[in-house]
Amino acid sequence: MLGLKLATDPRWVNIVESNIEEILTDHAWCEQKAASNAIYIIVNNSEKHDLVAEMTNIAIEEMEHFKMVIDLIKERGLTLGRERKDDYVSDLAKFCRKDGSRNDALIERLLFAAMIEARSCERFRVLSQNIKDPELAKFYHDLMASEAGHYTTFLKFAKQYSERTDVDKRWKEWLEYEATVIAKYGKKETIHG
Ligand SMILES: [Fe+2]
Ligand SMILES: [Fe+2]
C-alpha cells in the first residue's frame with residue numbers, strides 16, 4: 001500500500017535495541033519535525049481552508065506523539081537528548097523541485113511529507129514486528145496506523161490541489177529516488193538511520 005521500493009532489513013532492529021535512549025530521543029524529534037512541517041504548510045497556504053484544517057489536526061497529532069515518546073523516556077528513567085539531525089530527510093529534501101510556482105512548491109512539499117510518513121510507517125512496522133520489548137512493540141504498532149493515515153492525507157491533498165503536476169507520475173519518481181536514498185541507511189539506531 002505504501003509503494004516503497006526497498007524494505008528495511010529487520011537486522012536494523014538489533015542496532016536499535018542496543019540503544020533505546022537514542023532511538024526514543026531521535027523518534028521524539030521526528031514527531032516534532034512532523035508537527036513543524038504541518039505548521040509550515042499552514043503558514044504558506046492560509047487560503048486553503050480544508051488543507052489548513054487537516055494540517056492543524058496533523059500538527060496536534062504529531063505533538064501528541066511527541067508527548068507519548070517523552071512520557072515513555074521519563075517512565076524508563078532515560079533522558080531526552082538534544083535535537084538530532086535527520087540525514088535521510090536532508091537527502092530527500094534535495095529532490096524537491098525548487099524552481100516552480102507556488103503551487104508546484106506546495107505539491108512538492110506534500111509529496112516530500114508523504115514520503116517521510118510512508119518510510120516512518122514502514123520503520124514502525126519493522127520495529128513492532130521485531131523488537132523484543134513488548135511495550136515498545138505495541139507502542140510502534142499503534143503509531144504505525146496513525147502515520148499511514150498521514151501518508152494518505154498528504155497524497156490526497158497533492159492530487160486535490162495540483163494545478164499542472166502529474167501527481168501519479170511525480171510520486172513514482174519520488175519512490176524511485178527514495179529507494180536510492182534508503183539503500184544507504186539501516187545502520188544506525190535512529191528512526192530513519
Ligand atoms: Fe507521528
Ligand atoms: Fe505523521
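Trainee: Is Cys 121 buried or exposed?
Mentor: Cys 121 is buried, because 22 other C-beta atoms lie within 10 Å. Buried takes 20 or more other C-beta atoms within 10 Å of a residue's own, exposed 12 or fewer, and partly exposed is in between, with C-beta atoms placed from the backbone. Keep in mind that this is a predicted model: local features need pLDDT of at least 70, side-chain atom pairs count only at pLDDT 80 or more, and totals for chains, interfaces and linings use all residues. Residues are numbered from 1 along each chain as its sequence is written, while chains are lettered from A and ligands numbered from 1 in the order in which they are written.

Trainee: Where is Cys 121 found?
Mentor: In helix 5. Helices are DSSP runs of H or I, at least four residues, numbered from the N terminus.

Trainee: And what is Cys 121 in contact with?
Mentor: Leaving aside neighbours within four places in sequence, Leu 2, Met 144, Glu 147, Ala 148 and Tyr 151. Contact means C-beta atoms, placed from the backbone, within 7 Å. Cys 121 and Glu 147 are 26 residues apart in sequence, yet 5.5 Å apart in space, C-alpha to C-alpha.

Trainee: New topic: which residues of helix 7 are buried?
Mentor: Trp 174, Glu 178, Val 181 and Ile 182. They sit on the same side of helix 7, because they cover an arc of only 75° around the axis, taken from the directions from the helix axis to the C-beta atoms.

Trainee: What covers them?
Mentor: The cover for the buried residues of helix 7 includes helix 4 (87–93) and helix 5 (102–130).

Notes: Helices (H or I, at least four residues) and strands (E, at least two) are DSSP runs, numbered from the N terminus. Two residues are in contact if their C-beta atoms, placed from the backbone, lie within 7 Å.
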